[in-house]
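Open the model in your viewer and keep the selection tool ready. The stops below say what to select next and what is there.

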Amino acid sequence: MNHPVLEAWSSNRAFIFAVTGAAVGLGNIWRFPYLTGENGGSVFLLLYLFFMLVIGLPIMIAEIGLGRAGRAGPMQALMRLAQGAGASLRWRYLAVFGGLTLFLILSFYSMVSGWSLAYLVKSVDGSLAQQSPEVIAGAFGQLMSNPVLMLLCHTLFLLLTLGVVAAGVNQGLERLNTYLMPLLYLLLLLLAAYAVTTPGFAEAMRYLFLPDFNAVSWKVVLDAMGQAFFTLAVGACALMAYGAYMPEDQSLPRAAVVVALLDVGVALLAGIAIFALVFSHQLEPTSGPGLMFITLPIAFSELPFSHVLSLGFFLLLLLATWTSSINLAEPLVAMLKDRGWSRLRGTAVIGLGVWILGSLAALSFNVMAEVYPLGFLGGVFAEKNLFGLLTSIPTDIFLPLGGLLIAIFAVYIVPVADIRAAIGGSETFYLLWRRMTAKLAIPLTGLLLLTSVLTFWGVL
Ligand code: TRP
């Protein structure tokens, strides 16, 4: 008998949806547009697309492939593979470094995702419906100047994440995600279609796609590279664990290409919608972290059924950030579990740490705005408050460094036969991956990493 429904949800798709759930989140809808605005538009966007292709994608394949080859959690997988290759067992510390990166990212991720909860309430109480852009922008400012509300949102969102991690029911959420992700796409498509009708659309397209090479600087290049890692969830061994459960016959390069396309699609739709509104309302592209939270509510207020649209959008955003934050938290708890901790204890300890750091990051928008924790190091550090540090160092330095080591391990340490089997798919795809990783991804990431360290210290 035929089971078309079962076939439609074959495990190949389940794998793709799980990785997409980790990839699509704040990185696409919130971080991508505001970084694009801060970095002057098109050049950043084009560099980001370039790095996705030549660095993000090959290293993503390497990372998932290592998990698949090691058939275990990141730490065990790395150890097993290093052992098999006769290499140093210290490679396993790559998973610990990844854990540190995930911890730092999760702290600000949870805090910012909490803002969606505040906007969910605003969608229901109608305080932003049919309001002027000034009032809507003001509402964001009010949230930022209210540390108590920000801490409340951060705490609630973190509890949502930890609840799922503590119960170990991630798969359930992934399934939910599978059904609701197409809705997020639909809503973003609708917003982008509306953007086409706004007076700022043409300017937004020029801003996003017409290269203005005067805007190139090291900061733009490095931000674009960090964003490629961040948005694909690559470089911290978080995707390695997903590889262990990959179906035997699935082609990894093909799956990775599908995820990357879905991921870029969300970012581009969000970018188009947001910048059309920016130029329609003479807002500043450089508004920073508030950009999405100001522009999209303006769009909702102009559209019919604004309550429903706004509520739907923030619910879907919340779901997207939820699956991403679970991907950030789960490897940390798993690592403690492997050391004999109970799931509950591991979740509690990680949760407390993330809560404290994220709460301090929330204060970066008000009482601690002028506190520069690493200012004594000089260079860029002198002007970064805690939020600035958390949103730049883990993504611009730690993820690329982790990714570089992952790629080197996959290409030069693990026996060729093992990695070949783990990548799966056609010989052409495999060879293309190997060449791109060895000749482009590794040298380019290494070079840019060096540059980024020099820029951070103000040498460049
Ligand atoms: N990719 C997610 C986003 O764009 C964030 C994320 C989830 C992540 N898991 C990760 C980033 C692991 C780095 C490493 O919102």
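In which hand, left or right, does α6 pass α15 in their crossing? Before selecting anything, note that this is a predicted model, in which local features need pLDDT of at least 70, side-chain atom pairs count only at pLDDT 80 or more, and totals for chains, interfaces and linings use all residues. Residues are numbered from 1 along each chain as its sequence is written, and side-chain values use heavy atoms, with hydrogens and water left out.

**Stop 1: α6 and α15**

Select residues 93–125, which form helix α6, and residues 306–338, which form helix α15. Helices here are DSSP runs (H or I, at least four residues), numbered from the N terminus. α6 passes α15 in a left-handed crossing; left-handed means that the near helix is turned anticlockwise from the far one by less than a right angle, and right-handed means clockwise. The two axes come within 8 Å and cross at roughly 160°. An axis is a line fitted to C-alpha atoms, for helices over the stretch in contact, and the angle runs from 0 to 180 degrees between N-to-C directions. α6 and α15 are therefore roughly antiparallel to each other (angles under 35 degrees count as roughly parallel, over 145 as roughly antiparallel, 65 to 115 as roughly perpendicular and the rest as oblique).

Sorted by class, the contact of α6 with α15 has 21 nonpolar, 9 polar and no charged residues. Contact means heavy atoms within 4.5 Å. Ala, Val, Leu, Ile, Met, Phe, Trp, Tyr, Cys and Pro count as nonpolar, Asp, Glu, Lys and Arg as charged, and the others, Gly among them, as polar.

**Stop 2: N327 in α15**

Stay on α15 and select N327, which lies in this helix. Is N327 buried or exposed? N327 is buried, because its relative accessible area is 3% (buried means under 20%, exposed over 50%, partly exposed in between, with a 1.4 Å probe and protein chains only). Leaving aside neighbours within four places in sequence, N327 is in contact with A22, A233, A238, L239 and Y242.

**Stop 3: α2**

Next select residues 11–23, helix α2. Its 13 residues should span 18 Å at 1.5 Å a residue, and the end C-alpha atoms are 18 Å apart, which agrees. The expected span is 1.5 Å times one less than the number of residues. Within α2, the buried residues include F15, I16, A18 and V19. A22, the partner of N327 in the previous stop, is also buried.

**Stop 4: α15 and α16**

α15 passes α16 in a right-handed crossing. To see the contact, select E330, L332, V333, L336 and K337 of α15 with R343, G346, T347 and I350 of α16. By class, there are 4 nonpolar, 2 polar and 3 charged residues in this contact.

**Stop 5: F305**

Select F305, in the loop between α14 (291–302) and α15. Most residues other than glycine have a negative phi. F305 is not a glycine, but has a positive phi of about 55°. At 67% relative accessibility, F305 counts as exposed.

**Stop 6**

Select residues 42–70 (α4) and 74–85 (α5), whose axes come within 8 Å and cross at roughly 75°. α4 and α5 are therefore roughly perpendicular to each other. Where they meet, L66, A69 and G70 in α4 touch A77, L78, R80 and L81 in α5. This contact has 5 nonpolar, 1 polar and 1 charged residues by class.

In the loop between α4 and α5, select R71. Its phi is near 50°, a positive value in a residue other than glycine. R71 counts as partly exposed, at 36% relative accessibility.

**Stop 7: T36**

Finish at T36, found in helix α3 (residues 26–38). Which residues is T36 in contact with, leaving aside its neighbours within four places in sequence? They are G41, F44, Y207, L208 and F275. T36 counts as buried, at 0% relative accessibility.

Terms used
Helix = DSSP H or I, 4+ residues; strand = E, 2+ residues; numbered from the N terminus.
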